[in-house]
Amino acid sequence: MRYQSFATGKDFRFNDTAWLGADGIYSTHAYTTRAIDIINRHDPDVPLFLFLSFQAPHTPITAPLRYTENFKNVHFPTRRIYLGMVNALDEAVGNITNVLFKKGMNKNMLLVFTSDV
């Protein structure tokens with residue numbers, strides 16, 4: 001996968017250990033895959049509390065090119081990448097929500113989407 005980025009580094013954890021298996025995977029995609037796996041394995045008749053705190057759109061400012069290419073008309077590179085990050089995050093929330101609906105877990109669901117800004 002090709003990325004546009006201004007920063008690099010590794011600080012990806014799975015519970016209390018470094019998650020090296022996510023190396024090379026965009027964090028928004030890794031979080032989404034994990035959340036969907038948890039939802040799919042969960043009995044829909046049993047309550048589920050799932051707290052998901054995406055890294056995007058925080059630093060490092062990076063996004064797969066397939067998201068930033070939608071914003072070629074934006075002349076500032078950092079802004080274009082940021083918009084790509086938000087686009088990827090929007091897709092992730094939609095994918096997770098779709099799985100919740102498919103499993104019928106939306107009938108008694110509280111979904112809170114918030115920001116730290």
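Trainee: Which residues in H1 meet which residues in H3?

Mentor: A word on the basis comes before the answer. This is a predicted model, in which local features need pLDDT of at least 70 and side-chain atom pairs count only at pLDDT 80 or more, while totals for chains, interfaces and linings use all residues. Residues are numbered from 1 along each chain as its sequence is written, and side-chain values use heavy atoms, with hydrogens and water left out.

From H1, the residues Thr28, His29, Thr32, Ala35, Ile36, Ile39 and Asn40 meet Ala88, Leu89, Glu91, Ala92, Asn95, Ile96, Val99 and Leu100 of H3, where contact means heavy atoms within 4.5 Å. By class, the residues of this contact divide into nine nonpolar, five polar and one charged (Ala, Val, Leu, Ile, Met, Phe, Trp, Tyr, Cys and Pro count as nonpolar, Asp, Glu, Lys and Arg as charged, and the others, Gly among them, as polar). The axes of helix H1 (residues 27-41) and helix H3 (residues 77-102) come within 10 Å and cross at roughly 5°; the axes are lines fitted to C-alpha atoms over the stretch in contact, with angles running from 0 to 180 degrees between N-to-C directions. H1 and H3 are therefore roughly parallel to each other, a term for angles under 35 degrees. Helices here are DSSP runs of H or I with at least four residues, and strands are E runs of at least two, both numbered from the N terminus.

Asp37 meets Arg34 at 3.4 Å, N to O, and the two are three residues apart in the helix, about one helical turn. Arg41 pairs with Asp37, their closest N and O atoms being 3.1 Å apart, and these two are four residues apart, again about one helical turn. Asp37 is partly exposed at 32% relative accessibility, as is Arg34 at 29%, whereas Arg41 is exposed at 57%.

Conventions: Parallel < 35°, antiparallel > 145°, perpendicular 65-115°, else oblique. Salt bridge = Lys/Arg side-chain N within 4 Å of Asp/Glu carboxyl O. Buried < 20%, exposed > 50% of the residue type's maximum accessible area, 1.4 Å probe, protein only.
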